[in-house]
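Subject: Structure handover

Hello,

Here is the structure for you to look through. My notes come after it.

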Amino acid sequence: MTTDAKLSQIIAAQEEIFVQRQPGSARLAEQARHHLAGGVTSSWQITAPQPVWLSHGRGSKVWDVDGNEYVDLHGGYGAALAGHAHPAIVAAIGQQSANGTHFAQPTPDAVAVAAELASRFGLPRWRFANSGTEATMDAVHLMRAITGRDLIIKIEGCYHGHHDSVQVSVAPELADAGPESKPSSAPASAGIPRAITDLTLIATFNDLDSVARLLDEHRDQVAGLIIEPVMMNAGIITPAPGYLSSLKDLLHSHGALLTFDEVKTGLTVGPGGVTRAEGVQPDLITLAKSVGGGVAVAAIGGTEHTMDFVAGGGYEMVGTFNGNPLAMAATRAMLTEVVTPEAYEKIGKLRRRAQEGISEAIAAHGLTAHVVTAGAKGCVVFSPEPVTSYRGFLDVDDRYSHAHWLFQHNGGVFLPPWGKIEQWLISVQHDESDIDRLVANFAAFAEAVSGARD
Ligand SMILES: Cc1ncc(COP(=O)(O)O)c(C=O)c1O
């Protein structure tokens, strides 16, 4: 039997176990089909072999509707940095909900949250929204409004949410991506007018020349560039030393602005995101996911120059639920009581334990893979060399990631679905036994897969 056939056999066997363990999820998926489009509440919840329906979460664990317990390293696509039902978040939400959940007028918590974000990320002025998509949409609008220019630059393979301007070259197939030296602007979804897609120019991560070329070709027309400063929708791809600061200088020399989309990296890579870790201050930062401790909230931070444009009425940054009191209470608790220096120290130890354990299993079984981590986030990349941009990521064989996901799931560890794209998230409530379960499952997977290569 060929390696391919053996790998397919392993995946089929694991999918069979997966389905056997979850008859309740299968029943709900069938019922849901009638009134939920696609049987789920977001298309990313459609996972193979079937969506997993959850009943509850507590601490570092979640339980599915069939009563199976999982160490939760999915973390709600990177939002559950606090873990589940964290006492500080529960108390904050409880108190605020007893005092009213929505006014559309500011509450004192918003001042405390903005001040704390300013001190962590080094940008003085903040506003709030409800999702990462809204935050990056505001950032793009603002870059355009301030500069009076229409074009933006986006990095191939970065994801910034589902609004038109950034739904471009998110995960293009090679056939649609254009030449590596001049990537095309490929629509990432149906329903986005070509005229808007054409306003988004595409550059390559870690490649300053690709940005310089676009700025030269479109002189005085580029409003700014939006980037995940550590790419986290293509496994984890880290910036080369000096890349981010040179990028900022290059953009500014052309009168263009820089937005760091820290929706994923934000509080997860460290207390002040990549911004603080790399010491490069962008013009705008977007945050969401983990910042609200599991409640829907987003934040947009900026320099005086950018945010005074908002303050002066140059751009109306609005939303009925912006700065919602429930979200502000949870975010305040998250920032002041949950993501403490001690919490980051603990997460750092668990990260090293995961990295070492998995790396040992990779070596022991001779797998072509390596571990990449950034703070609380990490993933196994099934390639021999570190990946430096989206084109390298395209070459990574996704079937190994899917087989790994299934082994983890059947072994009681819930990693984020979608194979090679996503990463694990270690929360403040995980402990060594959780990480040991991750490593043991990985070793079982590595043994099975290395057998498949005989
Ligand atoms: C880097 C990044 N930006 C923006 C978003 C959009 O966030 P949301 O799903 O809250 O709209 C995501 C979502 O995964 C993301 O990873």
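This is a predicted model: local features need pLDDT of at least 70, side-chain atom pairs count only at pLDDT 80 or more; totals for chains, interfaces and linings use all residues.

Helix pairs

Start with α9 (residues 208-217) and α10 (residues 243-253). Their axes lie 10 Å apart, at an angle of about 10 degrees. An angle under 35 degrees counts as roughly parallel, so α9 is roughly parallel to α10. On the α9 side, the contact uses Leu 208, Val 211, Ala 212 and Leu 215. Helix α10 brings Tyr 243, Ser 246, Leu 247, Leu 250 and Leu 251. By class, that contact has 8 nonpolar residues, 1 polar and no charged.

Next, α6 (residues 132-147) and α12 (residues 304-311). Here the packing angle is about 90 degrees, with the axes 10 Å apart. The two helices are therefore roughly perpendicular to each other. Leu 142, Ala 145 and Ile 146 of α6 meet His 305, Thr 306, Met 307, Phe 309 and Val 310 of α12. This contact has 6 nonpolar, 2 polar and no charged residues.

Pockets

The largest pocket holds about 1,200 Å³ of space. Its lining has 43 residues; nearest the centre are Ser 42, Trp 44, Gln 45, Gly 76 and Tyr 77. Both α3 (75-78) and α6 supply at least two lining residues each. The lining divides into 18 nonpolar, 19 polar and 6 charged.

The second largest pocket has a volume of about 440 Å³. It is lined by 19 residues, with Trp 44, Tyr 159, Val 170, Ala 171 and Ile 421 closest to its centre. By class, this lining has 13 nonpolar, 3 polar and 3 charged residues.

Best wishes

Conventions. Residues are numbered from 1 along each chain as its sequence is written. Side-chain values use heavy atoms; hydrogens and water are left out. Axes are lines fitted to C-alpha atoms, for helices over the stretch in contact, and angles run from 0 to 180 degrees between N-to-C directions. Helices (H or I, at least four residues) and strands (E, at least two) are DSSP runs, numbered from the N terminus. Angles under 35 degrees count as roughly parallel, over 145 as roughly antiparallel, 65 to 115 as roughly perpendicular and the rest as oblique. Contact means heavy atoms within 4.5 Å. Ala, Val, Leu, Ile, Met, Phe, Trp, Tyr, Cys and Pro count as nonpolar, Asp, Glu, Lys and Arg as charged, and the others, Gly among them, as polar. On a 1 Å grid over the protein atoms alone, a cavity is a set of points where a 1.4 Å probe fits but cannot get out, and a pocket is an open set with protein on both sides within 12 Å along at least five of seven lines; lining residues have an atom within 4 Å of a point. Grid points are joined across faces, edges and corners, and a volume is the space filled by probe spheres set on the points.
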